[in-house]
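Dear colleague,

Please find below the structure that I am handing over to you.

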Amino acid sequence: MVLKVLPYHLTVCKVPNITEIDMTSELFFISKTDEELSLVCKTEDTPSKTTECEHGWKGFRIEGELDFSLIGILSKLSTILAEEKIGIFAVSTYNTDYILVKEEQFEKAINALKKNGYEIA
């Protein structure tokens, strides 16, 4: 399985409303519940008005489109990283999954995944 490194520094934050989000940005993830409006975005696209914000993330995506019948892909990745004491922030789209880790642990994460047979692109 190929993991593609994202060439961005990322931020995870909460925003007060959707109008704060730059919808023209190349990459962002929005999630809304009855309790919060969360945003993952390129650090340079972080809105000026956030209620909470954490910079310093890097990420990768699983290359290709994942069929919904595939089981355990995210679980296996998270287990490998958990065994190395690396926390993750996972985001899924219709096509694939994205894994974010803190920048200071990114190289350690990549090395652990390579050691377990993943190709890093």
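Ile 18 counts as partly exposed, since its relative accessibility is 45%. Please bear in mind throughout that this is a predicted model. Ile 18 belongs to the loop between S2 and S3. Leaving out residues up to four places away in sequence, Ile 18 touches Met 23, Ile 30 and Leu 37. Glu 104 is 86 residues from Ile 18 along the chain, and the C-alpha atoms of the two are separated by 30 Å.

The loop between S2 and S3 also holds Thr 19. Is Thr 19 buried or exposed? Thr 19 is exposed, because its relative accessible area of 66% lies over the 50% cut-off. Through its side chain, Thr 19 makes a polar contact with the side chain of Asn 17, at 2.2 Å. Between Thr 19 and Tyr 98 there are 25 Å in space, C-alpha to C-alpha, and the two are 79 residues apart in sequence.

**The fold as a whole**

The protein has eight strands and two helices. Read from the N terminus, its elements follow the order β-β-β-β-β-α-β-β-α-β. With a radius of gyration of 15 Å, close to the 14 Å that the globule rule gives for 121 residues, the protein is as compact as a globular protein of that length. Taken along the principal axes, the box filled by the C-alpha atoms is roughly 40 × 35 × 25 Å.

Of the 121 residues in the protein, 38% are buried. As for contacts between residues at least 6 apart in sequence, 68% of them join residues at least 24 apart.

**The largest pocket**

How much space lies in the largest pocket? The volume is about 170 Å³. The lining of this pocket consists of 17 residues, and those nearest its centre are Val 12, Cys 13, Ser 38, Leu 39 and Phe 89. By class, the lining comprises eleven nonpolar, four charged and two polar residues.

At least two residues each come from strand S2 (10-14), strand S3 (28-32), strand S4 (37-42), strand S5 (52-62) and strand S6 (89-92). The largest share, four residues, is supplied by S5.

**The cavity**

There is one cavity of 30 Å³ or more. The volume of the largest cavity is about 40 Å³. Which residues line the largest cavity? They are Ile 21, Asp 22, Ser 25, Leu 27, Phe 28, Leu 39, Cys 41, Asp 45 and Pro 47. Six residues of this lining are nonpolar, two are charged and one is polar.

**Lys 42, a buried lysine**

Lys 42 sits in strand S4. Lys 42 is buried, because its relative accessible area of 11% falls under the 20% cut-off. The side chain of Lys 42 makes a polar contact with the side chain of Glu 26 at 3.4 Å. Apart from neighbours within four places in sequence, the residues in contact with Lys 42 are Tyr 8, His 9, Leu 10, Ser 25, Glu 26 and Leu 27.

Lys 85 lies in the loop between helix H1 (73-83) and S6. Lys 85 is exposed, with a relative accessible area of 68%. Most residues other than glycine have a negative phi. Lys 85, although not a glycine, has a positive phi of about 65 degrees.

Thr 33 is located in the loop between S3 and S4. With a relative accessibility of 40%, Thr 33 counts as partly exposed. What does the side chain of Thr 33 reach? The side chain of Thr 33 reaches the backbone nitrogen of Glu 35, at 3.0 Å.

With kind regards

Notes
Residues numbered from 1 in each chain as written. Predicted model: local features only at pLDDT ≥ 70, side-chain atom pairs only at ≥ 80, totals over all residues. Heavy atoms only, no water. 1 Å grid on protein atoms, 1.4 Å probe; cavity = no way out; pocket = protein on both sides within 12 Å on 5 of 7 lines; lining within 4 Å. Points joined across faces, edges and corners; volume = space filled by probe spheres on them. Nonpolar A, V, L, I, M, F, W, Y, C, P; charged D, E, K, R; others polar. Buried < 20%, exposed > 50% of the residue type's maximum accessible area, 1.4 Å probe, protein only. Polar contact = N/O pair within 3.5 Å; in protein donor to acceptor, adjacent residues only side chain to side chain. Rg over C-alpha atoms; globule rule 2.2 N^0.38 Å. Contact = heavy atoms within 4.5 Å.
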